[in-house]
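Q: I have a model open and want to learn how to read its features. Can we start with charged side chains and go on from there?

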Amino acid sequence: MTTQTPDAPPVAASVQASAPRPSPHLVVDLATVRARYAELRAALPEARIYYAVKANPEPAVLAALAGAGSGFDVASPGEISQVLGLGAPPELLCYANPVRKPAEVAAAAGAGVRLFVTDSAEDVDVLAAAAPGASVMVRLAVDEAGAATPFGGKFGCSPAEAVSLLRRALALGLDVAGLSFHVGSQQVRPVAWAHAIGTAAQVAAGFGAPIRLLDLGGGFPVPYRDAVPALAEYATTIRTAVRQHFPHRPPALAVEPGRFLVAEAGVLHACVVRVSRRHDGRRWVYADVGRYGGLAETEGEAIGYRLATEHDGGPEAPAVLAGPTCDGDDVLYRDVSLPVALRAGDTIRFLAAGAYCASYASVGFNGLPPLPVHCVDTGAGTSGSMR
Ligand SMILES: Cc1ncc(COP(=O)(O)O)c(C=O)c1O
């Protein structure tokens with residue numbers, strides 16, 4: 001099996017060794033974002049790509065993807081205006097967050113958004129009233145085993161409910177575009193897509209009319225500390241399942257990738273605040289960035305970022321790695337191997353941190369400012385926004 005391995009540098013060396021800037025900060029390489037988009041485009045040329053803006057909403061990232069031809073999965077009127085503000089046409093947007101107020105649906109429709117994902121009768125009714133005639137996809141709840149950050153039942157509906165939602169949407173004058181699902185983020189089992197595509201085919205059969213669009217969601221993984229299956233394996237599994245389950249009139253396909261497009265483009269540069277041997281006998285390493293400064297996905301150690309320091313290659317020993325705030329939950333990893341030479345003031349870099357990092361940072365917990373983001377373009381040798 002070919003895999004994507006964490007041994008390959010996740011981002012250009014020039015970005016890793018970025019110019020000195022106040023710590024912490026996130027550097028995002030636009031050339032890597034464009035390269036990942038091109039890779040996904042080549043692996044699944046038959047699928048429309050809607051980039052999940054929530055993964056990294058930096059204007060320069062959105063502009064790079066818009067320039068490459070991407071559409072956008074948006075979750076709120078705020079994201080809609082951000083993307084439209086860059087000049088993206090509203091037809092390239094999919095409002096995929098089914099939890100929203102009538103005013104938010106009306107605002108989206110007023111801005112020209114036509115495609116919505118839904119998963120409840122209540123939301124279908126809201127759509128019919130606030131976005132009459134809009135195109136809808138009904139989101140299925142699917143098996144998320146193998147995902148590092150599953151949705152845990154928050155979204156989607158059962159196959160039987162999906163049939164009834166499709167019928168309800170049709171009866172209320174909405175345009176029934178099709179079905180969607182999300183197999184959970186950082187999904188390391190390509191077969192998860194095959195099962196979900198099978199479920200979608202059953203729902204389409206129950207509905208009794210062909211669906212014209214099947215949105216396969218996001219979930220495509222990146223190699224953090226461990227290798228993950230190659231993208232080609234996901235593409236082959238998806239293609240085979242679509243042929244098998246929709247042999248007569250296959251729907252058009254869409255994907256909503258977030259993590260895959262931006263994670264490996266980012267390096268979070270931080271430094272060590274303190275190293276102390278504590279009452280539990282353990283070595284505690286406190287960094288100047290933590291759970292509330294952008295590393296939200298370390299909750300439950302769901303995402304194990306690869307770490308780099310200037311002492312790499314030297315002897316290592318176990319440590320607890322914690323963030324700087326006064327919250328007891330601000331502990332990143334309870335048992336991680338770090339260089340024994342690590343001292344206060346040393347740099348510590350979190351690799352492949354371009355997804356779900358700055359967008360999750362608190363606006364000021366403990367008086368700490370939001371994570372600054374600096375976009376560079378190693379492909380063009382130019383520098384972008386600093387915030
Ligand atoms: C509706 C929807 N689509 C796509 C994504 C992107 O998923 P991923 O980053 O796993 O590709 C998310 C992530 O939360 C999501 O909620």
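Q: Which residues are linked in a network of salt bridges?
A: Side chains of opposite charge can pair when their charged atoms come close. A salt bridge here is a side-chain nitrogen of Lys or Arg within 4 Å of a carboxyl oxygen of Asp or Glu. Arg 36, Glu 39 and Glu 264 are linked in such a network. This is a predicted model, where local features need pLDDT of at least 70, side-chain atom pairs count only at pLDDT 80 or more, and totals for chains, interfaces and linings use all residues. Residues are numbered from 1 along each chain as its sequence is written, and side-chain values use heavy atoms, with hydrogens and water left out.

Q: Where do Glu 39 and Arg 36 lie?
A: Helices (H or I, at least four residues) and strands (E, at least two) are DSSP runs, numbered from the N terminus. Both residues sit in helix α2 (residues 30-43), 3 residues apart, about one turn of the helix.

Q: What is the distance between the closest N and O atoms of Asp 175 and Arg 212?
A: In this salt bridge they are 2.5 Å apart. The pair also links distant parts of the chain, 37 residues apart: Asp 175 is in strand β9 (residues 175-181), Arg 212 in the loop between α8 (191-207) and β11 (213-215). Asp 175 is partly exposed at 24%. Arg 212 is partly exposed too, at 45%.

Q: How many aromatic pairs does the structure hold?
A: Rings of Phe, Tyr and Trp (its six-membered ring) pair if their centres lie within 6.5 Å; planes under 30 degrees apart count as stacked, over 60 as edge-to-face and the rest as tilted. The structure holds 11 aromatic pairs. Among them, Tyr 305 and Phe 350 are edge-to-face, at 6.3 Å centre to centre and 85 degrees between the planes. Tyr 305 lies in the loop between β15 (283-287) and β16 (307-309) and Phe 350 in strand β19 (residues 347-351), so this pair ties together parts 45 residues apart in sequence. Tyr 305 is buried, at 0%. Phe 350 is buried, also at 0%.

Q: Why is the pair of Tyr 356 and Tyr 360 called tilted?
A: The angle decides. Their planes are at 35 degrees and their centres 6.1 Å apart, so the pair is tilted. Tyr 356 is buried at 12%, whereas Tyr 360 is partly exposed at 46%. Elsewhere, ring pairs link Trp 193, Phe 220 and Tyr 234 into a cluster.

Q: Which residue lies over the face of Phe 151?
A: A charge sits over a ring if NZ of Lys or CZ of Arg is within 6 Å of the ring centre and within 35 degrees of the ring normal. Arg 139 lies over Phe 151, at 4.8 Å from the ring centre. Arg 278 lies over the face of Trp 284, at 5.5 Å from the ring centre.

Q: What should I check in the backbone?
A: Start with the peptide bond from Ser 23 to Pro 24, which is cis, with omega near 0 degrees. Pro 24 is in the loop between α1 (13-16) and β2 (25-29). Then look at phi. Ala 352 is not a glycine, yet has a positive phi of about 55 degrees. Ala 352 is buried, at 4%. Asn 366 has a positive phi near 65 degrees and is partly exposed at 38%.

Definitions and conventions:
Buried means under 20% relative accessible area, exposed over 50%, partly exposed in between (1.4 Å probe, protein chains only).
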